[in-house]
Amino acid sequence: MADETAPPPDAAPTPDAAAAPAAEPEAAAAPAAEPQPAAVLAAEPAPAAHKPPPPKKIEATDAGSHPWVQSMRTALPDAVVSAKEFAKQVTVVVRREKIADVARHLKDAEDFRYCVDVTAVDWRDRQPRFDVVYHFYSFSKNDRIRVKCGVADGEEVPSIAEVFLAANWSERETFDMFGIPFAGHPDLRRILTWDGFHGHPLRKDFPVEGIDTGAAVYPEEWPEGGGPAADDPNRKVVS
Amino acid sequence: MSDDRPISGPEKDQAARTADDLKAAALAAAESVPVSVEPPTLFEVQEMELNFGPQHPSTHGVLRLVIRVDGEKILETKPDVGYLHRGTEKLFETETYPMGIPHTDRLDYVAAATNNHAFCLTIEKLLAVEIPRRAQLIRVILDELQRLSSHLVWLGTSGIDLGAVTPFWYAFREREQILDFFEEYCGARLTLNCMRIGGLPFDLTAGWVERLMEFVDDLPSRIDDYEQLLTDNRIWKKRTVGIGVISGQECIEWGVTGPVLRASGVEWDLRRAQPYECYDELDFAIPTRTNGDTYDRYVVRVQEMRQSVRIVKQCIDLLEPGDIRGKVPRVIKPIAEEVYASIESPKGELGFYCVSNGTNRPYRMHVRPPSFINLQALPRLAKGHLVSDLVALIGTIDIVLGEVDR
């Protein structure tokens, strides 16, 4: 970390730096060239540049003794794998088979009534390959909890759409983008890409530039609108 | 058209024979079976599937709804989204952290500043940098201006959806002025790219604050004008009162946030619940209503605009000269961790979930879009209403398809 925090260009305390207009360091650090509005600045010029203090060392701590984790361990003895806390956010890793039970426990016993989000992370070379990530919020605690479970490619995750209605579309999106099937989901179809789309775009092995569905080039071979042809062996795996 | 031509030749015979056969068969059936055949009722259930969009003026973008109707009554609504999917989350992974900010402009494109803000806030949380006070205040000003302009767009367009054309011109007049302020600040009017990780790209130009103060002093009287046109308007009330009622409990079940939640009686606003920047020092109210119908959502949004004016005024009073950028490293390489941060965008809770692997690019950047989640509740809202109310309901959720589809 320390070697990455290269001093900003204005770190050298030369007389020129102090005399330069205040906007210049900001403009130089901007990633894209911006049309600079009128250069007249309301604020007085920034004080002479100085070396920034070393950034605060932040790291994750173990959250095994956290009351939510304790209550999960008591109610579902073999569900919790690990727990950590980072930036005041508690992350609990649970076993894949237990995720629906965990969600129900959090909702009923711990009052996490609002399912904020469901998504996934593709770790590509790791086993299991994916993390499915859930965020829950409790109005009474005014706090969030993050629950994760590891999923291998092709494995099913129990759906929590029955527990939280809000998870319905988020799980569909996760299925669409990563190809993670959710067992017991009431309506597991693709949502952002079209029915018959080939592949799962947010997997790390899916090219950023997309894949050629050949739709425009070989209309007789590929159905209009893209997607696999009728005799495509992959046709079954897409929704 | 071809049915109109006179029948002649063999076709005629066939038609005549068929008619005769049918008549004979019917007579025979009537004689053999003594059943009183009831005449078909006038109000027979005739279900029909109807395509609503993707090109429909009231969908505010490319939203397709497949609705099952019985006459005018909606039995079922199936939203079909994704027409505007551009793979924003994939693009975040391919570019460095600061390069992600312009992509966020294109999510909710009528409220770019709040998107920038949520994105920067997430990475600032990951880096644990502190934002200078002046930058915090200017960020809050930009956020609230953006909230005003987003609500003005909503007010104008949802009025037009229901046939009230006049408020549109007034609402867009004021929005234009807000866009002028943005243009003067950062050079852009819509896709602002107006925040940086750790602070802001520019300081305010001379006279900006004074002109803004003049504008926000004047704005409440303009909001009175909109209210005069709509709040007690009998047609407006007929179209909105009691339409799309949803309880606070159901809102939470569906994950619905923002003005929709507050119009159902839940006083929950991230600016108050989990304050970011300097919202905890500011004095503002969270407008709520209890009926949870389209009219209440209208009232809540108009009241929110008044609160935004209050916030902007307070921030202007608190502005002092100072730094606009915190101490962030030139190359942003957070530690390998994950973080979620969210803000109260004009539509609801806008969150970013960032997973870092220690390089200068996010390993995974996920958007929690309020429009996408809120739209999920549309079938629930629309059930049992008329097709013309569907237009009001799409308007009242206030979706932006750029954010729904990402």
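Good morning. In chain B, 71% of the contacts with a separation of 6 or more are between residues 24 or more positions apart; two residues are in contact if their C-beta atoms, placed from the backbone, lie within 7 Å.

The structure is a predicted model, in which local features need pLDDT of at least 70 and side-chain atom pairs count only at pLDDT 80 or more, while totals for chains, interfaces and linings use all residues. Residues are numbered from 1 along each chain as its sequence is written, and chains are lettered from A and ligands numbered from 1 in the order in which they are written.

Let me turn to confidence. The model has an ipTM of 0.80 and a pTM of 0.78. For chain B the average pLDDT, the predictor's confidence in each residue from 0 to 100, is 86, and 89% of the residues reach at least 70. In residues 5-12 of chain B, however, the pLDDT is below 50, and this stretch has two contacts in the model beyond near neighbours in sequence. Where pLDDT is low, the predicted coordinates should not be read in detail.

Next, the overall make-up. Chain B contains 16 helices and six strands; these are DSSP runs numbered from the N terminus, with helices being H or I of at least four residues and strands E of at least two. Of the 406 residues in chain B, 51% are buried, that is, 20 or more other C-beta atoms, placed from the backbone, lie within 10 Å of the residue's own.

How do helices α4 and α5 of chain B pack? Helix α4 (residues 112-127) and helix α5 (residues 133-161) of chain B meet at an angle of about 140°, their axes 7 Å apart. Axes are lines fitted to C-alpha atoms, for helices over the stretch in contact, and angles run from 0 to 180 degrees between N-to-C directions. On the α4(B) side the contact is made by B:Ala113, B:Thr114 and B:His117, and on the α5(B) side by B:Arg139, B:Leu142, B:Asp143 and B:Gln146.

Finally, the sheet. Three strands of chain B form an open sheet in the order β4-β5-β6, with antiparallel pairing; two strands pair if DSSP finds at least two bridges between them. At the edges are β4 (338-345) and β6 (362-368) of chain B, each pairing on one side only. Eight bridges join β4(B) to β5 (residues 348-356) of chain B, and B:Ser345 has B:Gly348 in β5(B) as its bridge partner. Helix α4(B) lies across β4 and β5 of chain B, running at about 150° to β4(B).

Methods: Buried ≥ 20, exposed ≤ 12 C-beta atoms within 10 Å, placed from the backbone.
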